[in-house]
Each structure stands twice: as structure tokens, then as C-alpha cells.
Amino acid sequence: MYNTHVKQTEQKQQKMESNEATTSKSFSKKKGKTKKVKRKVKPDEAPVQEMDQAEGEETEMKPVSGACFPPTFSVSEIKNKQRRHSMFLKLKEEKRKQKLELKKKKKKERKVLGDKAPPKEVPKTIENQRIYDETTVNPEDEEVAFDEGTDEFSAYFNRLTNPKVLITTSDRPRGRTVRFCEQLATVIPHAHVYYRRGLALKRVIPQCVSRGFTYLMVINEDRKVPNGLVLCHLPDGPTAHFKVSNVRLRKEMKRRGKDPTEHVPEVILNNFTTRLGHSIGRMFAALFPHDPQFVGRQVATFHNQRDFIFFRFHRYIFKNEKKVGIQELGPRFTLKLRSLQKGTFDSKFGEYEWVHKRHEMDSSRRKFHL
Amino acid sequence: MQHDDVIWDLIGNKSFCSYKVKTKTQQFCRNEYNITGLCNRSSCPLANSQYATVREEKGLCYLYMKVIERAAFPARMWEKVKLDRNYAKALEQIDENLIYWPRFIRHKCKQRLTKITQYLIRIRKLTLKRQRKLVPLSRKVERREKRREEKALIAAQLENAIEKELLDRLKQGTYGDIYNFPIHAFDKAMEKQEEETESEEEEDEEEESGTREFVAEDEFEESDLSDFEDMNNLKVSSDEEEDDEEESSEEEESEEELEEEKTKAKSKGKAPLKGPIRKKRAFVEIEYEQETEPAQKSKAT
């Protein structure tokens with residue numbers, strides 16, 4: 001690789017020389033520092049080149065940068081865009097080469113040392129660098145366990161109630177939203193879709209409660225696309241307002257399977273670590289009935305990553321005990337929590353447990369709340 | 001002196017008035033006391049020394065009147081009369097106050113009152129209904145969030161996470177007996193179990209040969225008995241440790257026990273290692289008890 005690179009530099013130099021020969025006049029007209037300097041350098045270098053091919057590239061760079069430029073010179077000071085660009089590219093290439101050499105050296109060392117080699121460095125990711133949230137739930141936390149035993153979802157988790165979901169939209173929904181609602185209703189068992197017809201939510205809620213619904217889902221639409229979700233747990237439970245994005249309906253899925261069956265799916269909740277995330281996770285869990293029918297082999301996943309909750313619906317099949325194949329059916333969408341309110345939906349007088357405040361909460365790239 | 005015509009010549013007709021708004025077809029008057037809103041000779045409050053309007057403030061209608069006697073006192077020029085909330089009574093009040101005034105002004109005042117009451121009614125109706133609040137989106141923020149979402153999606157590696165979770169659930173046995181995969185593990189566990197029984201048999205023989213005579217004669221029987229004891233021990237230990245199990249068949253019990261052992265062996269930690277050791281101790285204790293029984297029986301016989 002090194003040899004080919006040297007050959008390339010040779011070719012480059014030859015090309016440059018030929019170029020200069022033909023366009024020397026044009027160069028003289030241009031008043032750029034670099035080209036003039038190069039012209040001076042190139043004829044000097046030509047005899048040198050044959051002698052020191054190994055140092056071809058470095059000598060090309062050093063006299064250019066050391067001898068003829070003031071030491072505080074930087075690439076960004078060149079006024080001509082083309083020349084600046086070419087200088088910058090050369091700089092980058094050199095940096096890349098250095099990095100590659102360093103990597104190679106490290107690899108060699110590692111091989112030589114074998115077991116005594118220092119452990120591999122773990123790259124920094126945003127998840128690694130996440131600012132520690134004080135409300136992160138410890139699995140054995142008694143206070144949290146006590147809270148969860150007595151909160152609004154305790155009825156569900158003690159198997160006293162079965163979920164029954166009412167899905168509706170904002171006024172005058174367009175086709176995409178309607179189809180999204182229908183597909184959601186197939187994914188969530190015991191879900192019913194009702195047309196909104198301009199009803200006020202505050203009036204809808206008591207009616208739902210009287211008919212035994214446990215959840216009310218309102219999908220808000222803007223510009224023919226669903227963009228918001230209000231999830232209200234009904235017997236005076238918490239109300240969560242999400243921003244919905246990247247909705248993909250079933251027919252837009254690539255390599256999707258057949259339609260989901262009526263079997264109760266399993267639920268996977270990933271990465272809900274903080275106290276707020278815990279309560280949201282329980283909200284999602286309470287949407288689905290308790291006992292999943294493993295015969296159906298369907299799984300609904302709510303995966304939280306950096307405050308974005310990704311929803312996926314898959315069918316799985318175990319090929320052997322170490323391998324599982326999954327096939328995506330069903331709609332997919334992402335949610336971002338905007339606010340969590342304590343009672344049922346009441347935007348004016350409600351008591352908000354958590355509201356997303358952009359200026360306070362979005363100031364750090366490594367701080368997440370869910 | 002107040003010369004209305006002069007004033008109108010100066011400001012109204014094709015001249016400049018700062019309250020005038022001109023459109024292609026019409027001229028409007030922006031003066032707040034104007035009764036019709038158009039720029040006319042009869043509607044201009046500046047060019048009419050005797051003028052009246054109806055205006056609304058915070059849901060209440062007031063009748064404003066201007067007469068020529070007060071033209072010299074701009075601070076007191078407009079007389080403000082509060083009108084009744086009842087529409088009919090307000091009309092009567094207008095009539096009463098504007099008695100002997102020109103027909104045009106009376107008529108226009110009543111028209112204006114009608115319009116105002118109508119829109120007040122509509123406001124009250126609308127406030128009772130649902131009000132849509134429009135929340136503006138910041139384009140910069142939306143773009144930023146979109147980008148972050150893409151990056152989060154890449155970082156999430158959803159398929160891998162889901163597969164991993166499903167495999168974990170399979171290992172933990174949440175799927176019960178649906179999948180017949182743990183065959184390999186079952187075989188391994190069976191091998192383990194056989195090793196354990198062999199080691200226990202050796203221990204049995206060593207202890208018994210030291211203490212009883214019968215053991216030397218009835219070696220085969222003792223080993224058979226020890227096998228049965230092992231099976232009993234399996235039952236007993238499973239009853240002790242797996243209180244949740246309600247299945248009766250031995251095979252399933254032993255299977256699940258073996259699965260538990262397998263899972264304990266697979267899971268990394270110090271605690272599970274104590275499991276089989278504990279079990280060995282349990283076996284030893286139970287065998288001790290059972291060994292006394294046959295001895296007593298044989299003594300009796």
C-alpha cells in the first residue's frame with residue numbers, strides 16, 4: 001500500500017510538472033502564494049525526487065509549509081477557493097495517513113504483547129456519556145415498589161381489570177390517519193375505533209368510563225399526517241401527550257409479513273430507566289392484556305432510546321435455541337413525550353407532572369429524561 | 001366656529017385625512033367613533049358637529065353623543081351613556097336619547113347595536129365549546145429533533161435488541177414447554193445428574209460399608225434402593241424447592257429441575273453455583289433419614 005501511494009505521488013508530481021510546463025504563463029498571472037511557491041519548489045524537487053522516493057510526500061509538504069510560509073499560516077487564509085480546497089484536501093490526506101499508521105502500530109503492539117496487551121479502549125457513545133439522572137430507578141427500590149403498588153396502574157397489574165382501548169382522532173381526519181387508527185386497532189387487542197365528530201374530550205371521557213374503557217387514545221392530525229398522540233388512562237389516570245413522527249403504515253413496510261392475527265401479543269419495554277420512564281413504561285404495558293398468547297408469536301416493542309420511543313410490531317420464530325428470526329408486520333411509529341398530566345385530559349386546569357421545557361431540558365446533548 | 005362643510009372640503013372629499021383608508025372601490029374611515037366605518041359626508045365624525053355612535057367595551061354597549069355646544073371642549077365632547085344589557089330595552093334607550101336627532105344617525109346606531117349584540121352572543125357560545133389552541137412549531141427545532149431521532153434509531157439497533165430480549169425470555173423459560181429446544185441442555189443436564197448419582201452412590205457405599213453388615217451382603221439391593229431413594233429425593237427436593245409447581249408427573253418435574261439447573265449453570269454469578277451444592281447436601285440428609293428406616297424394619301423382621 002505504501003509503495004502504491006509513493007507511485008501515486010510520483011504520478012502527481014509528474015502531472016504537476018507537465019501542467020506547469022504548459023500553463024506556466026497562466027500561473028504567473030495568478031497571484032496566489034501557493035502556486036508560485038510550488039513552482040519554485042518543483043524544479044528543485046525534481047532531481048531530489050529520484051533520490052528520495054520514500055520521503056517524497058513529506059518533502060513535498062515540508063518545504064512548502066516550512067520554508068516558504070510564515071509559521072502561523074493556516075489553510076483557511078488562502079483566498080482562492082480552489083487552491084484552498086486543494087490544500088485542505090492534502091492536509092486531510094496527511095492526517096488520515098497518520099491515523100492509519102497509528103492504528104497499524106497499535107495493532108502490531110497488540111499482536112506482539114498478546115495477553116499482556118492493554119485492554120481495548122471503549123469508544124465514547126452518547127449512551128456512555130449520558131449525564132446520570134438522579135431519578136434512575138433501582139430495581140430493588142422499595143419506595144418505587146410501594147408507589148407502583150398503589151398507583152393508578154395497580155389495578156391492572158393486580159389483574160383486576162382488563163384493558164379496553166378507545167381510539168379516536170382529531171376533527172375531520174384524513175385517509176392516512178384513519179388507516180393508521182385502523183391498523184393500531186388490529187395491533188392492540190380489545191381496541192375500538194370511533195369517529196370523532198367534533199365532540200369535546202371532556203364530554204367523551206365520562207361516557208368512556210361508563211362503558212368500561214380503560215384507555216382513550218386520541219391521534220392528532222396536522223396537514224394530513226398524524227403528529228400527536230394523547231394517551232389517557234381512564235378511571236382518572238394519568239394523561240400522556242406525545243409527539244408522533246415517522247409513521248409507517250403496513251403497506252409501506254418492506255418485506256413485511258401477513259396481517260397480524262387476533263392473538264394477544266407479547267410486550268417488550270426497553271430502556272425505561274428513570275422514574276418518569278418507569279411510569280410511562282407501565283402505561284404502555286397496561287395497554288395490552290396480561291397473558292400473551294405465545295401461539296401467535298407476535299411481539300410489540302416499545303424501545304426507548306435518547307427520549308425517543310420506537311414502536312415496532314413483529315412476528316418471531318425460533319430457529320433454534322440461539323437464533324430467532326423476526327419479521328416486521330404492523331405499523332411503526334416513534335413517540336416523544338411532551339407532557340404527563342396527573343388526572344384525565346384537562347389542558348387548562350390539569351396538574352402536570354412533567355412538561356417538556358425546551359430551553360431547560362434541551363440544553364445538554366447528553367441529558368435524557370426517560 | 002364650527003363649519004362642517006369647510007371641514008369636509010378639507011379632509012373628506014378627495015383630500016387627505018389620516019383616518020381614511022382607500023381601496024379600489026371604496027373609502028373607509030378608521031376613526032373609532034365612526035358609526036358605519038365608511039368615509040362619507042354623513043358618517044364622518046369630524047365633519048359632523050352633531051353625531052352619535054354605539055361602541056362596546058368588555059361586553060357592555062355604550063352610546064356616545066357629540067353636540068355642537070361642546071365643540072369647544074374636546075375633553076368633554078363625547079357624552080357616554082351606558083345601554084341596558086337587554087336588547088329591546090337598549091333600543092328604547094337609544095330612541096329616548098336620540099329623540100329629535102336626524103333619522104340617519106338613529107337608524108345607524110340601532111343597526112350597530114344589533115350587530116354588536118349578535119357578535120357578543122357568538123363569543124359567549126364559542127367560549128363554551130372546545131377551543132383549538134394552535135401551537136407554533138419552530139423549524140429549527142423540528143429539524144434538530146428529526147436528526148436526533150435518526151441518530152437514536154441507528155443507535156437503538158432495534159432488531160438486535162428485540163432478538164436478544166426474545167432469546168433471554170426463551171432461556172428464562174417464560175415460554176414453558178412450547179419450544180422443544182432445550183434438548184441439548186436437557187441431555188447435558190441428564191449427564192450431570194448421572195454424575196451426581198454416581199458420586200452419591202460412592203458416598204453411600206463408603207458410609208454403609210463402615211457401619212452395617214447387611215450392606216456387604218446386599219450390595220445390589222442397596223444400590224437399587226439408593227436409585228429409588230434418588231428418585232424419591234428428586235421428588236422431595238423438587239417439592240421443597242419448587243413450591244409453585246403444581247404438575248404431578250415426575251418427568252416434568254425432573255425436566256424443569258434440570259432446566260433450572262441448566263439456567264443456573266448458564267447464568268453467571270456466584271449464587272447459582274451454590275445450588276447444586278446445596279442440593280447435594282440435601283440429598284445427603286434425606287438419605288440419612290431413609291437409611292435408618294429400612295434398618296429398623298429389617299431389625300424388626
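Tutor: In this predicted model, the buried residues of helix α4(B) are B:Val141, B:Glu145, B:Glu149, B:Ala152 and B:Ala156. They lie on the same side of α4(B), because the arc they cover around the axis is only 75°. The other side of α4(B) carries exposed residues, namely B:Arg139, B:Lys140, B:Arg143, B:Lys146 and B:Ile154.

As to the partners of the buried side, the buried residues of α4(B) pack against elements of chain A, which are β5 (239-248), β7 (298-305), β8 (308-320), β9 (323-341) and α10 (358-361). Together with these, α5 (158-172) of chain B is packed against by the buried residues of α4(B).

The helix itself comprises residues 139-156 of chain B, 18 residues in total. From its first C-alpha to its last, α4(B) reaches 25 Å, close to the 26 Å expected at 1.5 Å a residue. The residue that follows α4(B) is B:Gln157, and its phi is positive, near 50°.

Chain B also contains an open sheet of 3 strands, ordered β3-β4-β5 with antiparallel pairing. Both β3 (51-57) and β5 (78-82) of chain B stand at the edges with a single partner strand each, so one side of each lacks a neighbour in the sheet. On average, neighbouring strands of this sheet are turned by 25° against each other, direction ignored. Helix α2 (residues 87-97) of chain B packs on the sheet and touches β3, β4 and β5 of chain B.

Note on methods
Residues numbered from 1 in each chain as written. Chains lettered and ligands numbered in written order. Predicted model: local features only at pLDDT ≥ 70, side-chain atom pairs only at ≥ 80, totals over all residues. Heavy atoms only, no water. Pairing = 2+ DSSP bridges. Helix = DSSP H or I, 4+ residues; strand = E, 2+ residues; numbered from the N terminus. Axes fitted to C-alpha atoms, helices over the stretch in contact; angles between N-to-C directions. Contact = heavy atoms within 4.5 Å. Expected span 1.5 Å × (residues − 1). Buried < 20%, exposed > 50% of the residue type's maximum accessible area, 1.4 Å probe, protein only. Arc of directions from axis to C-beta.
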